[in-house]
Amino acid sequence: MSEPLPRFQVVPRRPGLPPRGWLIAIGVAWLLTLAGTWMLATWLAEPGLGDTRAKLRAAERTVAQQKRQIDELDQRLVTLARSDQISRAANTELQSSLAERDEEISALRADVAFYERLVGSTSQRKGLNVHSIDFSPTEAGTWNYRVVLTQNLNRGAISQGQMRFAVEGVRAGKLATIAWDELHNRADTPGQDYSFRYFQELTGNVMLPKDFTPQRVRISLRGGAGSVEQTFDWKPAGSGGGN
């Protein structure tokens, strides 16, 4: 007869392997250690961190204030530069205006002296006469002219007629004369009318050939009081004396 089998079997524990509970306890203790370490480090660093944050906020406020100051200075600089530019432009315009006024005053004084010599009691009596002729260049390559005619021999008479002139000079190495028609680049150009009691200013525009060098101007006056011819040296800045 065989013996019955036991209900329980005893298994001996393997050495070197802790139970599961010990592993869990060790893990929890490690996590608590980490948490404590972080809390301690935060508590120790809190005063210095607060100072750093305060300094950072103060620095940000300083930077913002300095930026506002820089913007204000930039705006002032722009305003001052614009004001200086306006002042310089106004001063330049004023100086130019004063120079123009000085020129006008000088011209008026010269005209007054001329009129006094012409109609004054001690002035020399002359008939129809070319007092002066002036030329000034233009940007278009032409020449503006200004001719002043006078007469004071008969103060009650009116001088009437037409004025023409020709320009004498050198062209292609030879003496040449540019007549009234060629000066106006048109055939049968009528003379310029004049009608005055004491004096008159005639103005106009003529063109000279590019290969021509002017030297003299010969002016002719034709009217009821007779004919007059006078020659002047070519002087763009002013007139010369008549011959």
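**Loop, core and salt bridges in a predicted model**

Asp188 is exposed, with a relative accessibility of 69%; exposed means over 50% relative accessible area, buried under 20%, and partly exposed in between, with a 1.4 Å probe and protein chains only. This is a predicted model, in which local features need pLDDT of at least 70 and side-chain atom pairs count only at pLDDT 80 or more, while totals for chains, interfaces and linings use all residues. Residues are numbered from 1 along each chain as its sequence is written, and side-chain values use heavy atoms, with hydrogens and water left out.

Asp188 sits in the loop between H2 and S5. Helices (H or I, at least four residues) and strands (E, at least two) are DSSP runs numbered from the N terminus. The phi of Asp188 is near 55°, a positive value in a residue other than glycine. Asn185 also has a positive phi, about 55°, and is not a glycine. Its place is in the loop between helix H2 (180-183) and strand S5 (192-196), and at 68% relative accessibility Asn185 counts as exposed. Most residues other than glycine have a negative phi.

The largest nonpolar core has 26 residues, of which Phe135, Met163, Phe165, Ile219 and Leu221 touch the most other members. Such a core is a set of buried Ala, Val, Leu, Ile, Met, Phe, Trp, Tyr and Cys residues joined through side-chain atoms within 4.5 Å. Elements that give two or more residues to this core include S1, strand S3 (159-171), H2 and strand S7 (212-223). Phe165 touches, among others, Ile133, Phe135, Trp180, Leu183 and Ile219, not counting residues up to four places away in sequence; contact means heavy atoms within 4.5 Å. In soluble globular proteins, nonpolar side chains tend to be buried together.

Leu32 belongs to helix H1 (residues 20-119) and is exposed at 59% relative accessible area.

The whole structure holds 10 salt bridges, each a side-chain nitrogen of Lys or Arg within 4 Å of a carboxyl oxygen of Asp or Glu. Arg88 and Asp84 form one of them, with the closest N and O atoms 2.8 Å apart. These two residues are separated by about one helical turn, because they are 4 residues apart in helix H1. Arg88 is exposed at 57%, whereas Asp84 is partly exposed at 38%.

Other bridges run between strands. Arg146 and Asp134 have their closest N and O atoms 3.2 Å apart. Arg146 lies in strand S2 and Asp134 in strand S1, so the pair ties together parts 12 residues apart in sequence. Arg216 forms a salt bridge with Glu168, with a closest N and O distance of 3.2 Å. Arg216 is in strand S7 and Glu168 in strand S3, so this pair ties together parts 48 residues apart in sequence. Arg216 is partly exposed at 32%, while Glu168 is buried at 16%. Salt bridges that share partners join Asp134, Arg146 and Glu201 into one network.
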